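Here are some notes to read alongside the model. Keep the 3D view open and click through the residues as you go.

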Amino acid sequence: MNCGLAGLRKRVMATVTFVLSFVGVSMGLGPTLQAQAPSENAVISLSVASNDSARVVAGTINAPDAAGIYYSEDGGVTWAQASGLPANISVAALEHDAVNPAIVYAGDATVGLFLRSTDGGRSFQDFPAIGTWLSLDSGIGALYAQNVNGRSVLYAGTRQDGVLVSYDNGESWVLNAIGLAQTDDLQQSERRIRTLIAFADNLYIGTHNGAFVQVAGSDTWKRTPGFSEGAVVRSFAIYRGNLYAGLQAGGLWRMNDEGEWTPISRIPDIASVLALGQAGPEGILLSAATGVGIWSGNGEEWLKVQIDGGPNDPWIWSADGADGVIYLGTAEQWILRSDDQGYAYQVQSRLTPLTSLPLDPITLPDRTPSPAEPTQVPAVEPAVAEIVPTPEPAEQPEMAEPTVEPQPTAIPAATPTPAIVPEEPGIVSGLNLPLDFLQEDIDLPVIGPISPIVLSVAILLIVIILVGSISVFRRTTDDED
C-alpha cells in the first residue's frame, strides 16, 4: 500500500514539475530552451537595420549544407530562413538600404547573383542585370549602401571586376573601375574588392592589393599609402573620427591625417581582422573580429573580450551593429551578441529577446537618377510629372484639326483642274498652238453667235459648192461648143 502511494506521489510530482517547467519556459521564466542555430554553416555576412537593432539578417557559406539567408526580428534569439533563394549560392554580402531599412540586399560570391528583399529580409528576388558586368568566374564579395541627399546609392564589390554602382536599388548598374589595374593573379588583384566605406565625403575600397580612395567629384581610384604590395584589406570601420582597416594576416591599421596607414599595437599583427563592428556611430568601443578571437578597444588600448565569462578563440567572419548592440557571425557558434557596446558577448542560447519596430513602407523611385547628378533628380521629376501631361490634351486637338481639315479641302480643288481644262475637244489642241481665239463665238448679224469653227466649215462648204457649180457650168458650155 505504501509502495502504491509512493509511486502515485512520484507520478504527481513529475507531472507538476513538467507543467511548471512548460509554463515557465512559455512565460520566459526558464533560462534555456532557446531556439537553436538554423544551420551548421558559418555565418559569413551580417547586416543590422540602422533604425532597429532587433532586426538582423545573416548569410552563410555553402558548406557543409546549402547556403541560406536567415532573418531574426527578436535580436538573434530565433531565426527563420528567407524564401526565394536560388540554389548553389554563397551569401558573402548583406546590406540594409541606407534610406529604407525594410530593403535588404544580398550578394552571392559563387556566380555573382544579386538579390533584393523589400520585406526586411523575409523573402528575396533575383535581379540579373548585374550579371552583364561580371566576368565568367566573378562574384559579389561586398555591398555598401550610402544615403546621398535622401537617395540611396548602392555599391557592389566584385571578385574580378572592381566596383559596380546602382542608383535604382539594384535594378541597373554602371562600372566604376578606372585606376584599378587588371591582372591575371586574382590573389593580388586590385579589382578584387573585399570592403567599401564612405569617409570624409570620399569613397574607400579594400582590395587584394591595398586600399584605394575615390575623391568626391572624381571617377578615378588612387592608391592610399602605407600598405605593402599584396596587402589584403578585409574590413573598414569609422570610429571616433578615424578610419580603421583590418588586414588578412596583417592586424589592425588606422589612417592618419596625411592619409597614410599606420599599424595599431596590442592586437597581434598576424591576426586576420576579417570584420570590424561597433554599436552604431556613437559606439564606445570598436570590436575587431579576427581569426584568434574578439578584440575590443578605444583606438589606443585593446583587450581580448570574453564570451559568457570564458575565453574565446572563435573564427569571426562578419560584424555589424546599431543602437548599442553588436552582432558577430562565427564559424562555430553561429551568432554572438553584445548588449554593452563590445565589452562582453553572449552565445545565442543565452540571449534575451529584443522587440523590433514595424517595417517602414517601401517607396522605390520610378526612374533611374543621373549618376553625375543624383541630388537633382527629386527636383526634376515633379516638374516633368506636372508639366508634360498638361500640354498633351490641349495640343492634340489643335494639331489634329488643322492637319485633317486642309486635306479634304485640297483634294477637290486639285481634282477639277485637269477635268475642266482638258483640250481634247479641239482638233488642234494637241499641237499646243496659240489658237485660243477659235474657242470664242462670233456674233453675226441675223444669224447671231456662231462658233468660228462652224463658220469656217460653212464658208468652206460654200466655196466648194461654188467651185463645183462653176466646174459643171464650164463643162456644159464646152459640150455645147
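1. Start with L461: buried or exposed, or something in between? L461 has a relative accessibility of 48%, so it counts as partly exposed, because that label covers values between 20% and 50%. You'll find L461 in helix α6, which spans residues 452-480. Bear in mind throughout that this is a predicted model.

2. Now go to N100, in the loop between β5 (91-96) and β6 (104-108). N100 has a relative accessible area of 8%, so it is buried, the cut-off being under 20%. Which residues does N100 touch, leaving aside those up to four places away in sequence? They are D360, P361, I362 and T363.

3. Next, the salt bridges: there are 8 of them. Side chains of opposite charge can pair when their charged atoms come close. One example is E73 with R55, where the closest N and O atoms are 3.2 Å apart. E73 sits in the loop between β3 (69-72) and β4 (80-81), while R55 is in strand β2 (residues 52-60), so this pair ties together parts 18 residues apart in sequence. R55 is buried at 11% relative accessible area, whereas E73 is partly exposed at 24%.

4. E73 has another partner: its side chain meets that of R122 in a salt bridge, at 2.8 Å from N to O. R122 is in the loop between β7 (114-117) and β8 (125-126), so here the parts tied together are 49 residues apart in sequence. R122 is partly exposed, with a relative accessible area of 35%. Take D52 along with R55, E73 and R122, and you have a network of linked salt bridges.

5. Have a look at R337 and D339 too, whose side chains form a salt bridge at 2.8 Å, N to O. R337 is buried, with a relative accessible area of 0%, but D339 is partly exposed at 39%.

6. Last, a sheet. Its 4 strands are ordered β17-β18-β19-β20, with antiparallel pairing, and the sheet is open. β17 (233-239) and β20 (261-263) are the edge strands with a single partner each, so one side of each has no neighbour in the sheet. On average, neighbouring strands here are turned by 30 degrees against each other, ignoring direction. How many bridges join β19 (residues 251-255) to β20? There are 3, and in this part of the sheet M255 stands opposite W261 in β20.

How values were computed:
Residues are numbered from 1 along each chain as its sequence is written. This is a predicted model: local features need pLDDT of at least 70, side-chain atom pairs count only at pLDDT 80 or more; totals for chains, interfaces and linings use all residues. Side-chain values use heavy atoms; hydrogens and water are left out. Helices (H or I, at least four residues) and strands (E, at least two) are DSSP runs, numbered from the N terminus. Buried means under 20% relative accessible area, exposed over 50%, partly exposed in between (1.4 Å probe, protein chains only). Contact means heavy atoms within 4.5 Å. Two strands pair if DSSP finds at least two bridges between them. Axes are lines fitted to C-alpha atoms, for helices over the stretch in contact, and angles run from 0 to 180 degrees between N-to-C directions. A salt bridge is a side-chain nitrogen of Lys or Arg within 4 Å of a carboxyl oxygen of Asp or Glu.
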